[in-house]
Amino acid sequence: MYKPRICAIVYAIVVYSIAGMALAGVLSALPALAESQARIVRLSDVKGTVQIDKNSGLGFESAFANLPITQGTQLRTRDNGRAEIEFEDGSTLRIIPNTTVEFSRLGLSDEGKRISAIKLVEGRAYVNWLGKSGDEFTLNFSQERVSLSQAAHFRVASSSSLSEVASLKNDLEVLGPSGAVKVGKNKIVSFDASDNDRSALAKNIEEDPYDQWDEQSIEYHDQHAKNNSTPYGYGSSDLSYYGAYSNLPGYGTLWQPYFVGAGWDPFMDGAWSWYPGMGYMWASAYPWGWTPYYYGNWMFVPGYGWGWQPGGWGTWKGGIHYVGPAIAGFRPPAVPSGTVSTVVVGKGGPVVTEKPSMQTVIRSGSAGLGIPRGSYENLHHLNTQVAKTGFAEVHATPAFAASSPAGGYRYGAANSAGVSGVGHTSGGSMGHASGGGGHR
């Protein structure tokens, strides 16, 4: 079982070619961090207003996808906010508007098991725990807790007066002041805070407006991560959806995002975000931008462009890293100094899409920036057209009740989404056309 290396995390090291690879070898010999620092979970999806408190003394800040979630972090959503948190094995926690959660413990036991303890302070959360590796997960709410060591799918709602647990898959056991309460599949139990959290089993689950969003998110991960062969599940669904692998003679297998365009590089858009005890961490603005920035290496191949070579699963490294010569004029973003505020890099920075347009233009050089995950079924097909013509105008159907506060796109909507026009014209862009990397 791997454990992250202290210097790679603290300094978000930029690894350069041979010298950088030698440094990485030195890092691998260093002792592992204490349990409280052994885990890096990711903020995998953000819609609307979501805020994060990284326990850095700055209080709550705007949150965006691909930010690391570390022990002690708090996350909260506002009236229109939703968020998804993905764990190493692909398990997920989703929170709806007006919800606050605290990541009380993200540790690694001596036996190599990941131990996660989350507190639902208020609001509503969905948990889809895959239970693949015998890891332990506990969700605390009110005076109760749900502890898992095997697969489970459930939702929890908690307020100052009442809490509810609905089991969506398998049986659950809820522990509280009144003892253990069994909750069968498709059943719900409530706890009355005014009566020492006395429990009451109810009949079958009533559908919640956000159940469909939860189901669509699970479907997205199941569909696009099913062929994942890496030791870690998180981020693989986004790689499958937003890009493709190629085998290049002399270079091996490389992954490249769709819609890269000439002059694009993987560090054009993102942000440096500071974490106590770790320093600055790089958070890519691209929706697929997690795994390629923590494992393996980027490299530039003439005639192909930038690609990511997977690997390095036992040598976690956060930050900017690539090997080999880069394209002329390339300058990697430097780690900030003299501040602990979030520092945006490039034109894009964090992208939050609240209510995406049903008619959009995808341009060469956008590399997926601004495309909500699962919004179109076949990005490979669109990529071919954009490579030929420079852009593609597309349509998508809304998710579940576009007029509802949930908003968003439906997974697989491209069954009714089509390309209505292609060619070189002006018009609104959902991404940023490549500018040759000169906008740092």
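Three strands form an open sheet in the order E22-E21-E26, with antiparallel pairing. Its edges are strand E22 (279-284) and strand E26 (343-345), each pairing on one side only. On average, neighbouring strands of this sheet are turned by 30° against each other, direction ignored. The model is predicted.

Strand E21 covers residues 270-275 and pairs with E22 in the antiparallel sense over 6 bridges. Strands of a sheet pair through backbone hydrogen bonds, either parallel or antiparallel.

| Strand | Residues |
|---|---|
| E20 | residues 252-257 |
| E21 | residues 270-275 |
| E22 | residues 279-284 |
| E26 | residues 343-345 |

Now to a single residue. Leu-254 lies in strand E20. Is Leu-254 buried or exposed? Leu-254 has a relative accessible area of 0%, so it counts as buried, the cut-off being under 20%. Ala-244 sits 10 residues from Leu-254 along the chain, and their C-alpha atoms are separated by 8.4 Å.

Finally, the protein as a whole. It has 5 helices and 29 strands. Of its 440 residues, 54% count as buried. Among contacts between residues at least 6 apart in sequence, 62% join residues at least 24 apart. The protein exposes about 17600 Å², and carbon and sulfur atoms supply 50% of that area.

Key:
Residues numbered from 1 in each chain as written. Predicted model: local features only at pLDDT ≥ 70, side-chain atom pairs only at ≥ 80, totals over all residues. Heavy atoms only, no water. Helix = DSSP H or I, 4+ residues; strand = E, 2+ residues; numbered from the N terminus. Buried < 20%, exposed > 50% of the residue type's maximum accessible area, 1.4 Å probe, protein only. Contact = heavy atoms within 4.5 Å. Areas by Shrake-Rupley, 256 points an atom, 1.4 Å probe, with all protein chains shown as cover. Pairing = 2+ DSSP bridges. Axes fitted to C-alpha atoms, helices over the stretch in contact; angles between N-to-C directions.
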